[in-house]
Amino acid sequence: MQNFDFYNPTRICFGEGQIAKLADLVPQDAKVLILLGGSSARRNGTLDEVKQALGERQQFEFDGIEPNPTYETLMKAVASIKENGIDFLLAVGGGSVIDGTKFVAAAAHYEGEPWEIMQTFGAKVTSAMPFGSVLTLPATGSEMNSGSVVTRKSIKAKLAFMSPHVFPQFSILDPVKTYTLPKRQIANGVVDAFVHTTEQYLTYPVGAMVQDRYAESLLKTLIEVGPKALANPEDYNVRANLMWTATCALNGVIGAGVPHDWATHMIGHELTALHDIDHARTLAIVLPSLLRHTKAEKKAKLLQYAERVWDITEGDDDTRINTAIDKTQAFFESLEIGTRLGDYELDESHVDALVGQLETHGMVALGEHQKIDLDASRAILKGAL
């Protein structure tokens with residue numbers, strides 16, 4: 001196992017009715033900016049519940065954070081903070097709203113050009129505003145980590161940053177708040193959590209038995225509860241397990257002391273930036289092709305994955321690996337998520353522009369061995385046609 005330094009200060013309040021705890025979690029004298037995405041939190045009563053729990057605190061609202069939060073929109077929130085003297089942020093929504101809030105929290109304290117936060121992967125962040133979250137969509141794990149992804153439309157860039165200064169102080173996870181979500185968003189959440197897990201698991205062995213078994217349990221849980229979550233939207237136990245699995249997939253535990261990949265995400269980000277494809281769906285496009293392209297490097301972990309996650313024990317090594325990858329792709333498709341570029345009206349003529357974006361953003365040595373160069377990325381994208 002590799003050396004690691006694990007730190008996660010986020011308090012989790014899990015279960016039905018936990019929004020009421022905002023009365024104790026947010027400072028009594030806070031001027032609170034509630035950050036929102038679309039209209040669902042208003043429509044389903046979540047926002048009213050939040051506002052009631054906040055009581056007499058001064059409350060302001062900022063609407064319109066996109067499914068892929070944009071720099072242009074988030075900078076308007078920064079302006080609102082400065083205009084109104086806000087001192088506490090509360091994200092109410094899914095991972096995109098929480099990601100956006102992290103950027104806003106850092107940008108509000110940043111003295112230079114805030115896009116530098118993204119360009120330097122958060123290295124220049126020295127402080128951020130305090131914030132918490134009320135999670136309404138299980139997917140990204142942003143509610144319990146220090147990472148964020150932001151898109152800048154004007155230059156077609158989608159970049160990530162991390163900083164210990166942007167851990168949420170707390171996150172409220174009420175599975176009931178997921179009951180009214182569209183099937184598309186639930187399916188996306190399942191795939192997002194699945195690929196978050198594989199990015200930290202499908203690399204090479206380092207003898208990290210706890211992390212491996214934990215990751216495998218998350219993958220098996222997603223395989224079990226994903227279809228049930230679509231079929232039975234108000235099954236509390238199913239939604240609770242999905243919500244907690246998505247959080248655990250990227251709260252740092254399974255990634256401690258093990259090598260990481262993240263090439264699927266980096267390539268997928270360019271699909272979103274250029275073609276506005278849902279983040280999770282870009283992952284479903286890239287991952288199967290990437291695994292086929294890197295079978296040799298990932299052989300040991302792919303065999304482990306085949307046996308422990310998919311219960312594949314028959315056949316030679318290559319057969320078991322291919323079957324596991326095929327089952328992964330079929331699982332995504334069973335959630336009605338396309339796994340080919342053609343499913344999104346893209347063909348080989350679009351590949352060069354995607355590779356050009358990777359080059360522009362310095363994504364020229366990806367993967368756990370940093371061997372996925374631009375030619376390899378091109379091959380992966382062509383393998384997903």
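The points below treat the basis of the model, an aspartate and a helix.

1. This is a predicted model, in which local features need pLDDT of at least 70, side-chain atom pairs count only at pLDDT 80 or more, and totals for chains, interfaces and linings use all residues. Residues are numbered from 1 along each chain as its sequence is written, and side-chain values use heavy atoms, with hydrogens and water left out.

2. Asp174 sits in the loop that joins strand S8 (170–173) to helix H7 (183–201); helices (H or I, at least four residues) and strands (E, at least two) are DSSP runs numbered from the N terminus. Beyond its neighbours within four places in sequence, Asp174 is in contact with Gly15, Glu16, Gly17 and Met243 (contact: heavy atoms within 4.5 Å).

3. Asp174 is buried but forms no salt bridge, and the nearest side chain of opposite charge, Lys177, is 4.7 Å away. Buried means under 20% relative accessible area and exposed over 50%, with partly exposed in between (1.4 Å probe, protein chains only). A salt bridge requires a side-chain nitrogen of Lys or Arg within 4 Å of a carboxyl oxygen of Asp or Glu.

4. The Asp174 side chain does reach backbone nitrogens: that of Gly17 at 3.2 Å and that of Val176 at 2.9 Å.

5. In helix H3 (residues 46–54), the buried residues are Thr46, Leu47, Val50, Ala53 and Leu54. Seen down the axis of H3, these fall within an arc of 125°, so they line one face of the helix; the arc is that of the directions from the helix axis to the C-beta atoms. The face turned away from the buried side of H3 carries the exposed residues Asp48 and Gln52.

6. Just after H3, Gly55 adopts a positive phi of about 65°.

Conventions. Lys and Arg count as positive and Asp and Glu as negative; His and the chain ends are not counted. A polar contact is a pair of N or O atoms within 3.5 Å; within protein, one must be able to donate a hydrogen and the other to accept it, and residues adjacent in sequence count only if both atoms are side-chain atoms.
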